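Subject: Structure for your review

Dear colleague,

Please find the structure below, followed by a summary of what was found in it. I would be grateful if you read the two side by side.

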There are 2 protein chains.
Amino acid sequence: MDITSDSHGKHISEQFNHELDALKTHLLAMGGLVEKQLQDAVTALLEGDSETATRVRDNDKAVNDMQLKIDDECTRVLARRQPAASDLRLVLAVIRATSDLERIGDESSKIARNAISLVENGQSPRGMVEVRHLSQHVRSMVRDSLTAFARFDTDLALKVLREDASVDLEYQSAMRSLMTFMMEDARQITPVLNVMWILRALERIGDHADNLAEYVIFLVKGVDVRHTDTHDLKPQDLDKK
Amino acid sequence: MDITSDSHGKHISEQFNHELDALKTHLLAMGGLVEKQLQDAVTALLEGDSETATRVRDNDKAVNDMQLKIDDECTRVLARRQPAASDLRLVLAVIRATSDLERIGDESSKIARNAISLVENGQSPRGMVEVRHLSQHVRSMVRDSLTAFARFDTDLALKVLREDASVDLEYQSAMRSLMTFMMEDARQITPVLNVMWILRALERIGDHADNLAEYVIFLVKGVDVRHTDTHDLKPQDLDKK
(Lines give C-alpha, C1' and ligand atoms only; values in the text may rest on other atoms or scores of the structure.)
Protein backbone atom coordinates (compact mmCIF):
# COMPACT_ATOMS: atom_id res chain seq x y z
CA MET A 1 0.00 0.00 0.00
CA ASP A 2 1.36 3.40 -0.91
CA ILE A 3 0.03 6.35 1.01
CA THR A 4 0.46 8.66 -1.94
CA SER A 5 -1.51 6.46 -4.35
CA ASP A 6 -5.22 6.01 -4.98
CA SER A 7 -6.00 4.25 -1.68
CA HIS A 8 -5.44 7.56 0.10
CA GLY A 9 -6.78 9.93 -2.53
CA LYS A 10 -4.95 11.67 -5.36
CA HIS A 11 -2.89 14.77 -4.77
CA ILE A 12 -3.03 17.74 -7.02
CA SER A 13 0.68 18.19 -6.83
CA GLU A 14 3.15 15.59 -8.05
CA GLN A 15 5.82 17.45 -6.13
CA PHE A 16 3.89 16.96 -2.89
CA ASN A 17 3.69 13.19 -3.56
CA HIS A 18 7.36 13.22 -4.10
CA GLU A 19 8.02 15.06 -0.83
CA LEU A 20 5.92 12.62 1.18
CA ASP A 21 7.67 9.66 -0.45
CA ALA A 22 11.02 11.26 0.35
CA LEU A 23 10.06 11.66 4.03
CA LYS A 24 9.22 8.01 4.26
CA THR A 25 12.37 6.96 2.39
CA HIS A 26 14.56 9.09 4.63
CA LEU A 27 12.91 7.73 7.77
CA LEU A 28 13.55 4.17 6.58
CA ALA A 29 17.16 5.04 5.77
CA MET A 30 17.55 6.35 9.31
CA GLY A 31 15.93 3.12 10.53
CA GLY A 32 18.45 1.10 8.52
CA LEU A 33 21.36 2.97 10.05
CA VAL A 34 19.97 2.53 13.56
CA GLU A 35 19.40 -1.21 13.00
CA LYS A 36 23.02 -1.51 11.89
CA GLN A 37 24.21 0.40 14.97
CA LEU A 38 22.26 -1.96 17.23
CA GLN A 39 23.52 -5.04 15.43
CA ASP A 40 27.15 -3.85 15.52
CA ALA A 41 26.91 -2.89 19.20
CA VAL A 42 25.65 -6.35 20.12
CA THR A 43 28.23 -8.12 17.92
CA ALA A 44 31.03 -5.99 19.39
CA LEU A 45 29.85 -6.90 22.86
CA LEU A 46 29.50 -10.62 22.26
CA GLU A 47 32.81 -10.86 20.42
CA GLY A 48 34.71 -8.49 22.72
CA ASP A 49 35.57 -6.34 19.71
CA SER A 50 36.36 -2.88 21.02
CA GLU A 51 37.19 -1.48 17.57
CA THR A 52 33.64 -2.08 16.33
CA ALA A 53 32.28 -0.78 19.65
CA THR A 54 34.25 2.44 19.24
CA ARG A 55 32.92 2.86 15.69
CA VAL A 56 29.33 2.45 16.94
CA ARG A 57 29.91 5.03 19.64
CA ASP A 58 31.36 7.51 17.13
CA ASN A 59 28.62 6.87 14.54
CA ASP A 60 25.94 8.10 16.91
CA LYS A 61 26.47 11.59 15.54
CA ALA A 62 25.35 10.43 12.08
CA VAL A 63 22.08 9.17 13.59
CA ASN A 64 21.54 12.50 15.35
CA ASP A 65 22.22 14.42 12.14
CA MET A 66 19.64 12.35 10.28
CA GLN A 67 17.05 13.14 12.94
CA LEU A 68 17.62 16.88 12.60
CA LYS A 69 17.51 16.70 8.81
CA ILE A 70 14.29 14.68 8.65
CA ASP A 71 12.56 16.77 11.34
CA ASP A 72 13.46 19.89 9.42
CA GLU A 73 12.01 18.33 6.24
CA CYS A 74 8.81 17.55 8.16
CA THR A 75 8.50 21.11 9.42
CA ARG A 76 8.92 22.43 5.88
CA VAL A 77 6.32 20.03 4.46
CA LEU A 78 3.86 21.09 7.19
CA ALA A 79 4.48 24.79 6.56
CA ARG A 80 4.37 24.73 2.77
CA ARG A 81 1.93 21.92 1.97
CA GLN A 82 -0.39 22.08 4.96
CA PRO A 83 -1.25 18.39 4.64
CA ALA A 84 -4.51 16.96 5.95
CA ALA A 85 -5.89 13.54 6.88
CA SER A 86 -3.56 10.62 6.12
CA ASP A 87 -0.83 12.90 4.74
CA LEU A 88 -0.78 14.86 7.99
CA ARG A 89 -0.69 11.61 9.94
CA LEU A 90 2.29 10.44 7.88
CA VAL A 91 4.24 13.61 8.70
CA LEU A 92 3.35 13.39 12.40
CA ALA A 93 4.26 9.70 12.50
CA VAL A 94 7.64 10.49 10.92
CA ILE A 95 8.31 13.26 13.48
CA ARG A 96 7.52 10.89 16.34
CA ALA A 97 9.44 8.01 14.77
CA THR A 98 12.69 9.98 14.34
CA SER A 99 12.66 10.64 18.07
CA ASP A 100 12.37 6.92 18.89
CA LEU A 101 14.97 5.96 16.30
CA GLU A 102 17.34 8.54 17.74
CA ARG A 103 16.86 6.99 21.17
CA ILE A 104 17.46 3.47 19.82
CA GLY A 105 20.70 4.88 18.39
CA ASP A 106 21.50 6.37 21.79
CA GLU A 107 20.88 3.09 23.61
CA SER A 108 23.01 1.23 21.03
CA SER A 109 25.79 3.65 21.72
CA LYS A 110 25.39 2.97 25.48
CA ILE A 111 25.69 -0.77 24.75
CA ALA A 112 28.88 -0.03 22.80
CA ARG A 113 30.32 2.05 25.67
CA ASN A 114 29.62 -0.73 28.16
CA ALA A 115 31.19 -3.24 25.74
CA ILE A 116 34.33 -1.11 25.69
CA SER A 117 34.46 -1.08 29.53
CA LEU A 118 34.06 -4.85 29.63
CA VAL A 119 36.89 -5.38 27.13
CA GLU A 120 39.13 -2.92 28.99
CA ASN A 121 38.60 -4.72 32.27
CA GLY A 122 39.50 -7.97 30.55
CA GLN A 123 36.68 -9.85 32.21
CA SER A 124 34.58 -12.48 30.56
CA PRO A 125 31.40 -11.56 32.35
CA ARG A 126 28.38 -13.61 33.31
CA GLY A 127 25.05 -12.95 31.66
CA MET A 128 26.13 -13.09 28.02
CA VAL A 129 23.63 -15.87 27.23
CA GLU A 130 20.87 -13.61 28.54
CA VAL A 131 22.16 -10.65 26.50
CA ARG A 132 22.27 -12.76 23.35
CA HIS A 133 18.66 -13.94 23.76
CA LEU A 134 17.24 -10.57 24.66
CA SER A 135 19.12 -8.85 21.85
CA GLN A 136 17.82 -11.28 19.23
CA HIS A 137 14.30 -10.67 20.44
CA VAL A 138 14.65 -6.89 20.51
CA ARG A 139 16.39 -6.72 17.14
CA SER A 140 13.54 -8.60 15.50
CA MET A 141 11.08 -6.15 17.08
CA VAL A 142 12.99 -3.20 15.62
CA ARG A 143 13.20 -4.85 12.21
CA ASP A 144 9.49 -5.73 12.21
CA SER A 145 8.43 -2.27 13.31
CA LEU A 146 10.41 -0.72 10.44
CA THR A 147 9.00 -3.22 7.94
CA ALA A 148 5.53 -2.42 9.26
CA PHE A 149 6.27 1.28 8.61
CA ALA A 150 7.58 0.57 5.12
CA ARG A 151 4.49 -1.49 4.17
CA PHE A 152 1.90 0.31 6.32
CA ASP A 153 1.26 -3.16 7.73
CA THR A 154 -0.85 -2.95 10.90
CA ASP A 155 -0.88 -6.73 11.40
CA LEU A 156 2.88 -6.74 11.69
CA ALA A 157 2.68 -3.68 13.97
CA LEU A 158 0.29 -5.59 16.24
CA LYS A 159 2.72 -8.51 16.29
CA VAL A 160 5.45 -6.14 17.57
CA LEU A 161 3.13 -4.83 20.29
CA ARG A 162 2.39 -8.37 21.44
CA GLU A 163 6.14 -9.18 21.63
CA ASP A 164 6.87 -6.43 24.11
CA ALA A 165 5.35 -8.23 27.11
CA SER A 166 7.58 -11.26 26.56
CA VAL A 167 10.66 -9.05 26.20
CA ASP A 168 9.81 -7.52 29.58
CA LEU A 169 9.55 -10.96 31.19
CA GLU A 170 12.82 -12.06 29.63
CA TYR A 171 14.48 -8.85 30.87
CA GLN A 172 13.25 -9.34 34.43
CA SER A 173 14.38 -12.94 34.55
CA ALA A 174 17.83 -11.97 33.20
CA MET A 175 18.14 -9.24 35.83
CA ARG A 176 17.34 -11.74 38.58
CA SER A 177 20.08 -14.11 37.36
CA LEU A 178 22.58 -11.28 37.27
CA MET A 179 21.70 -10.22 40.79
CA THR A 180 22.48 -13.78 41.92
CA PHE A 181 25.88 -13.69 40.19
CA MET A 182 26.67 -10.46 42.03
CA MET A 183 25.75 -11.86 45.40
CA GLU A 184 27.81 -14.98 44.82
CA ASP A 185 30.96 -13.11 43.94
CA ALA A 186 31.58 -9.48 44.90
CA ARG A 187 34.46 -9.25 42.39
CA GLN A 188 31.82 -9.61 39.67
CA ILE A 189 29.95 -6.48 40.75
CA THR A 190 31.52 -4.06 38.27
CA PRO A 191 31.27 -6.23 35.12
CA VAL A 192 27.82 -7.48 36.08
CA LEU A 193 26.64 -3.87 36.45
CA ASN A 194 27.91 -3.22 32.91
CA VAL A 195 25.82 -6.16 31.71
CA MET A 196 22.82 -4.87 33.66
CA TRP A 197 23.06 -1.49 31.91
CA ILE A 198 23.21 -3.34 28.60
CA LEU A 199 20.09 -5.35 29.42
CA ARG A 200 18.31 -2.17 30.48
CA ALA A 201 19.31 -0.54 27.16
CA LEU A 202 17.93 -3.52 25.23
CA GLU A 203 14.68 -3.38 27.18
CA ARG A 204 14.35 0.34 26.37
CA ILE A 205 14.98 -0.41 22.69
CA GLY A 206 12.07 -2.86 22.83
CA ASP A 207 9.90 -0.03 24.19
CA HIS A 208 10.94 2.23 21.33
CA ALA A 209 10.13 -0.49 18.76
CA ASP A 210 6.75 -0.69 20.46
CA ASN A 211 6.28 3.06 19.97
CA LEU A 212 7.19 2.76 16.29
CA ALA A 213 4.55 0.06 15.87
CA GLU A 214 1.98 2.33 17.54
CA TYR A 215 2.75 5.11 15.06
CA VAL A 216 2.15 2.71 12.16
CA ILE A 217 -1.32 2.01 13.54
CA PHE A 218 -1.97 5.73 14.05
CA LEU A 219 -0.78 6.44 10.53
CA VAL A 220 -2.83 3.77 8.76
CA LYS A 221 -5.93 3.60 10.93
CA GLY A 222 -6.03 7.08 12.47
CA VAL A 223 -6.35 5.67 16.00
CA ASP A 224 -3.92 6.43 18.78
CA VAL A 225 -3.23 3.16 20.63
CA ARG A 226 -0.54 4.56 22.93
CA HIS A 227 -1.27 3.76 26.57
CA THR A 228 -3.95 1.24 25.65
CA ASP A 229 -3.50 -2.35 26.62
CA THR A 230 -2.21 -3.53 23.26
CA HIS A 231 -1.43 -6.99 24.51
CA ASP A 232 -4.71 -8.50 23.35
CA LEU A 233 -5.46 -5.99 20.60
CA LYS A 234 -6.81 -7.66 17.47
CA PRO A 235 -6.93 -6.28 13.91
CA GLN A 236 -10.71 -5.76 14.07
CA ASP A 237 -10.36 -3.66 17.25
CA LEU A 238 -8.55 -1.01 15.25
CA ASP A 239 -11.52 -0.50 12.96
CA LYS A 240 -14.04 -0.51 15.79
CA LYS A 241 -12.29 2.19 17.79
CA MET B 1 5.83 37.64 25.65
CA ASP B 2 2.71 36.05 24.22
CA ILE B 3 3.02 34.14 20.99
CA THR B 4 -0.49 35.03 19.92
CA SER B 5 0.01 38.79 20.40
CA ASP B 6 1.58 41.45 18.22
CA SER B 7 5.20 40.28 18.67
CA HIS B 8 4.36 37.28 16.51
CA GLY B 9 1.86 38.89 14.17
CA LYS B 10 -1.92 39.15 14.43
CA HIS B 11 -4.21 36.28 13.54
CA ILE B 12 -7.32 36.68 11.50
CA SER B 13 -9.23 34.34 13.68
CA GLU B 14 -9.82 34.98 17.37
CA GLN B 15 -10.79 31.35 17.67
CA PHE B 16 -7.39 30.29 16.37
CA ASN B 17 -5.67 32.48 19.00
CA HIS B 18 -7.80 30.85 21.58
CA GLU B 19 -6.87 27.35 20.37
CA LEU B 20 -3.14 28.10 20.48
CA ASP B 21 -3.47 29.56 23.99
CA ALA B 22 -5.38 26.47 25.06
CA LEU B 23 -2.62 24.17 23.74
CA LYS B 24 -0.04 26.04 25.77
CA THR B 25 -2.24 26.10 28.88
CA HIS B 26 -2.91 22.38 28.62
CA LEU B 27 0.77 21.60 28.16
CA LEU B 28 1.63 23.62 31.27
CA ALA B 29 -1.13 21.85 33.21
CA MET B 30 0.41 18.53 32.18
CA GLY B 31 3.78 19.93 33.27
CA GLY B 32 2.33 20.85 36.65
CA LEU B 33 0.97 17.34 37.15
CA VAL B 34 4.29 15.79 36.16
CA GLU B 35 6.22 18.10 38.51
CA LYS B 36 3.89 17.03 41.34
CA GLN B 37 4.43 13.36 40.48
CA LEU B 38 8.19 13.81 40.61
CA GLN B 39 8.05 15.73 43.87
CA ASP B 40 5.75 13.17 45.51
CA ALA B 41 7.87 10.24 44.29
CA VAL B 42 11.01 11.74 45.81
CA THR B 43 9.25 12.67 49.08
CA ALA B 44 7.76 9.17 49.32
CA LEU B 45 11.21 7.71 48.82
CA LEU B 46 13.02 9.93 51.32
CA GLU B 47 10.32 9.52 53.96
CA GLY B 48 9.70 5.81 53.31
CA ASP B 49 6.03 6.61 52.68
CA SER B 50 4.65 3.74 50.61
CA GLU B 51 1.13 5.16 50.54
CA THR B 52 2.26 8.26 48.64
CA ALA B 53 4.48 6.08 46.43
CA THR B 54 1.49 3.91 45.52
CA ARG B 55 -0.55 7.00 44.67
CA VAL B 56 2.22 8.26 42.36
CA ARG B 57 2.40 4.90 40.63
CA ASP B 58 -1.38 4.85 40.11
CA ASN B 59 -1.52 8.49 38.93
CA ASP B 60 0.71 7.73 35.96
CA LYS B 61 -2.41 6.93 33.96
CA ALA B 62 -3.62 10.53 34.37
CA VAL B 63 -0.35 11.77 32.84
CA ASN B 64 -0.71 9.39 29.91
CA ASP B 65 -4.31 10.49 29.34
CA MET B 66 -3.21 14.13 29.22
CA GLN B 67 -0.60 13.32 26.59
CA LEU B 68 -3.16 11.64 24.33
CA LYS B 69 -5.62 14.50 24.78
CA ILE B 70 -3.10 17.25 24.01
CA ASP B 71 -1.58 15.39 21.06
CA ASP B 72 -5.05 14.95 19.64
CA GLU B 73 -5.69 18.68 20.07
CA CYS B 74 -2.41 19.40 18.23
CA THR B 75 -3.38 17.15 15.33
CA ARG B 76 -6.73 18.90 15.03
CA VAL B 77 -5.15 22.37 15.10
CA LEU B 78 -2.69 21.32 12.38
CA ALA B 79 -5.45 19.86 10.21
CA ARG B 80 -7.97 22.67 10.56
CA ARG B 81 -5.82 25.78 10.97
CA GLN B 82 -2.74 24.87 8.95
CA PRO B 83 -0.52 27.10 11.06
CA ALA B 84 2.72 28.56 9.71
CA ALA B 85 5.89 30.11 11.14
CA SER B 86 5.86 30.61 14.91
CA ASP B 87 2.36 29.13 15.28
CA LEU B 88 3.50 25.93 13.58
CA ARG B 89 6.58 25.86 15.78
CA LEU B 90 4.40 26.20 18.87
CA VAL B 91 2.29 23.20 17.85
CA LEU B 92 5.37 21.11 17.03
CA ALA B 93 7.05 22.11 20.30
CA VAL B 94 3.93 21.06 22.22
CA ILE B 95 3.84 17.68 20.44
CA ARG B 96 7.48 17.06 21.31
CA ALA B 97 7.08 18.35 24.85
CA THR B 98 4.16 16.05 25.72
CA SER B 99 6.38 13.09 24.85
CA ASP B 100 9.13 14.25 27.24
CA LEU B 101 6.64 15.11 29.98
CA GLU B 102 5.10 11.67 29.63
CA ARG B 103 8.54 10.13 30.06
CA ILE B 104 9.26 12.26 33.14
CA GLY B 105 5.97 10.91 34.50
CA ASP B 106 7.11 7.40 33.65
CA GLU B 107 10.46 7.83 35.39
CA SER B 108 8.70 9.31 38.45
CA SER B 109 6.54 6.25 38.56
CA LYS B 110 9.69 4.07 38.41
CA ILE B 111 11.09 6.02 41.36
CA ALA B 112 7.84 5.35 43.24
CA ARG B 113 8.00 1.61 42.46
CA ASN B 114 11.58 1.40 43.71
CA ALA B 115 10.55 3.34 46.84
CA ILE B 116 7.85 0.73 47.47
CA SER B 117 10.41 -2.10 47.16
CA LEU B 118 12.74 -0.36 49.58
CA VAL B 119 9.98 0.10 52.17
CA GLU B 120 8.85 -3.51 51.75
CA ASN B 121 12.35 -4.80 52.34
CA GLY B 122 12.53 -2.70 55.49
CA GLN B 123 16.04 -1.51 54.74
CA SER B 124 17.33 1.95 55.34
CA PRO B 125 19.56 2.02 52.29
CA ARG B 126 22.76 3.86 51.58
CA GLY B 127 22.84 6.59 48.99
CA MET B 128 19.92 8.69 50.19
CA VAL B 129 22.07 11.81 50.53
CA GLU B 130 23.05 11.45 46.88
CA VAL B 131 19.42 10.92 45.85
CA ARG B 132 18.34 14.03 47.75
CA HIS B 133 20.97 16.22 46.07
CA LEU B 134 20.42 14.92 42.57
CA SER B 135 16.64 15.16 42.92
CA GLN B 136 16.80 18.79 44.03
CA HIS B 137 18.96 19.60 41.06
CA VAL B 138 16.77 17.75 38.57
CA ARG B 139 13.53 19.13 39.98
CA SER B 140 14.78 22.67 39.55
CA MET B 141 15.68 21.86 35.91
CA VAL B 142 12.15 20.58 35.27
CA ARG B 143 10.61 23.62 36.95
CA ASP B 144 12.84 26.05 35.02
CA SER B 145 12.20 24.36 31.68
CA LEU B 146 8.43 24.66 32.24
CA THR B 147 8.76 28.31 33.31
CA ALA B 148 10.88 28.93 30.20
CA PHE B 149 8.07 27.40 28.12
CA ALA B 150 5.42 29.48 29.89
CA ARG B 151 7.33 32.73 29.33
CA PHE B 152 9.07 31.87 26.04
CA ASP B 153 12.24 32.67 27.94
CA THR B 154 15.30 31.47 26.00
CA ASP B 155 17.74 32.74 28.66
CA LEU B 156 16.17 30.47 31.23
CA ALA B 157 16.16 27.64 28.66
CA LEU B 158 19.90 28.14 28.16
CA LYS B 159 20.39 28.00 31.94
CA VAL B 160 18.65 24.58 31.97
CA LEU B 161 20.92 23.34 29.17
CA ARG B 162 24.00 24.42 31.08
CA GLU B 163 22.80 22.58 34.22
CA ASP B 164 22.66 19.21 32.51
CA ALA B 165 26.42 18.68 32.45
CA SER B 166 26.68 19.15 36.21
CA VAL B 167 23.75 16.77 36.78
CA ASP B 168 25.63 14.15 34.76
CA LEU B 169 28.77 14.62 36.88
CA GLU B 170 26.75 14.41 40.09
CA TYR B 171 25.05 11.24 38.81
CA GLN B 172 28.36 9.57 37.95
CA SER B 173 29.88 10.40 41.31
CA ALA B 174 26.79 9.07 43.12
CA MET B 175 26.97 5.83 41.12
CA ARG B 176 30.59 5.36 42.08
CA SER B 177 29.77 5.75 45.80
CA LEU B 178 26.96 3.23 45.50
CA MET B 179 29.23 0.74 43.78
CA THR B 180 31.58 1.02 46.76
CA PHE B 181 28.74 0.36 49.22
CA MET B 182 27.86 -2.76 47.26
CA MET B 183 31.37 -4.09 47.29
CA GLU B 184 31.72 -3.48 51.00
CA ASP B 185 28.61 -5.39 51.92
CA ALA B 186 26.99 -7.96 49.65
CA ARG B 187 23.77 -7.83 51.70
CA GLN B 188 23.35 -4.26 50.44
CA ILE B 189 23.25 -5.34 46.77
CA THR B 190 19.46 -5.47 46.39
CA PRO B 191 18.61 -2.16 48.10
CA VAL B 192 21.58 -0.40 46.51
CA LEU B 193 20.42 -1.57 43.08
CA ASN B 194 17.03 -0.02 43.85
CA VAL B 195 18.79 3.25 44.64
CA MET B 196 20.84 2.95 41.43
CA TRP B 197 17.66 2.64 39.35
CA ILE B 198 16.33 5.71 41.12
CA LEU B 199 19.47 7.71 40.32
CA ARG B 200 19.28 6.56 36.72
CA ALA B 201 15.64 7.68 36.56
CA LEU B 202 16.60 11.10 37.94
CA GLU B 203 19.40 11.44 35.41
CA ARG B 204 16.95 10.61 32.59
CA ILE B 205 14.53 13.23 33.94
CA GLY B 206 17.35 15.77 33.67
CA ASP B 207 17.76 14.78 30.00
CA HIS B 208 14.05 15.29 29.37
CA ALA B 209 14.16 18.74 31.04
CA ASP B 210 17.03 19.47 28.67
CA ASN B 211 14.87 18.47 25.72
CA LEU B 212 12.06 20.74 26.93
CA ALA B 213 14.52 23.65 27.08
CA GLU B 214 15.63 22.89 23.51
CA TYR B 215 12.02 23.05 22.30
CA VAL B 216 11.64 26.50 23.89
CA ILE B 217 14.61 27.72 21.86
CA PHE B 218 13.22 26.12 18.69
CA LEU B 219 9.85 27.69 19.37
CA VAL B 220 11.07 31.23 20.04
CA LYS B 221 14.13 31.44 17.79
CA GLY B 222 13.31 28.89 15.10
CA VAL B 223 16.67 27.14 15.54
CA ASP B 224 17.00 23.47 16.38
CA VAL B 225 19.74 23.16 19.01
CA ARG B 226 19.29 19.44 19.63
CA HIS B 227 22.58 17.57 19.34
CA THR B 228 24.60 20.78 19.40
CA ASP B 229 27.02 21.36 22.20
CA THR B 230 24.76 23.57 24.28
CA HIS B 231 27.17 23.74 27.15
CA ASP B 232 28.75 27.01 26.07
CA LEU B 233 25.82 28.30 24.03
CA LYS B 234 25.23 32.02 24.61
CA PRO B 235 22.08 34.05 23.92
CA GLN B 236 23.68 35.78 20.92
CA ASP B 237 24.55 32.42 19.32
CA LEU B 238 20.86 31.73 18.89
CA ASP B 239 20.41 34.78 16.69
CA LYS B 240 23.55 34.12 14.66
CA LYS B 241 22.58 30.57 13.73
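Helices (H or I, at least four residues) are taken as DSSP runs and numbered from the N terminus; strands (E, at least two) are treated likewise. The model is predicted, and local features need pLDDT of at least 70, side-chain atom pairs count only at pLDDT 80 or more, while totals for chains, interfaces and linings use all residues. Residues are numbered from 1 along each chain as its sequence is written, chains are lettered from A and ligands numbered from 1 in the order in which they are written, and side-chain values use heavy atoms, with hydrogens and water left out.

**One residue of chain B**

B:N114 belongs to helix 3 (residues 85-120) of chain B. Is B:N114 buried or exposed? With a relative accessible area of 13%, B:N114 is buried; buried means under 20%, exposed over 50%, and partly exposed in between (1.4 Å probe, protein chains only). Leaving aside residues up to four places away in sequence, B:N114 touches B:N194, B:W197 and B:I198, where contact means heavy atoms within 4.5 Å. The side chains of B:N114 and B:N194 are joined by a polar contact of 2.7 Å. A polar contact is a pair of N or O atoms within 3.5 Å; within protein, one must be able to donate a hydrogen and the other to accept it, and residues adjacent in sequence count only if both atoms are side-chain atoms.

**The interface between the chains**

The size of an interface is often given as the accessible area lost when the parts come together. Chain B and chain A bury about 3,400 Å² between them, 61% of it on carbon and sulfur atoms; this area is what the two parts lose on being put together (1.4 Å probe), summed over both. B:R103, B:W197 and B:H227 supply 19% of the area that chain B buries against chain A, more than any other three residues. The contact involves 33 residues from chain B and 33 residues from chain A.

Between chain B and chain A, seven residue pairs are in polar contact (both at pLDDT 80 or more). On chain B, helix 2 (50-81), helix 3, helix 5 (154-184) and helix 6 (189-221) each supply at least two residues of the side that touches chain A. Helix 6 of chain B gives the most to that side, with nine residues. By class, the side of chain B that touches chain A has 15 nonpolar, eight polar and ten charged residues. In this classification Ala, Val, Leu, Ile, Met, Phe, Trp, Tyr, Cys and Pro count as nonpolar, Asp, Glu, Lys and Arg as charged, and the others, Gly among them, as polar.

**Salt bridges**

A salt bridge is a side-chain nitrogen of Lys or Arg within 4 Å of a carboxyl oxygen of Asp or Glu. The structure holds 32 salt bridges over all chains, and six are found across the interface of chain B and chain A.

- A:D71 and B:R226 form a salt bridge, with the closest N and O atoms 2.6 Å apart. This pair crosses between chains, from helix 2 of chain A to the loop between helix 6 and helix 7 (235-240) of chain B. Both A:D71 and B:R226 are buried.
- A:D71, B:R96, B:D224 and B:R226 are linked in a network of salt bridges.
- B:R103 forms a salt bridge with A:D100, the closest N and O atoms being 3.5 Å apart. Here the pair runs from helix 3 of chain B to helix 3 of chain A, and both residues are buried.

**Backbone of chain A**

Phi of A:F152 is near 50 degrees, a positive value in a residue other than glycine. A:F152 sits in the loop between helix 4 (128-151) and helix 5 (154-184) of chain A and is buried, with a relative accessible area of 5%.

Yours sincerely
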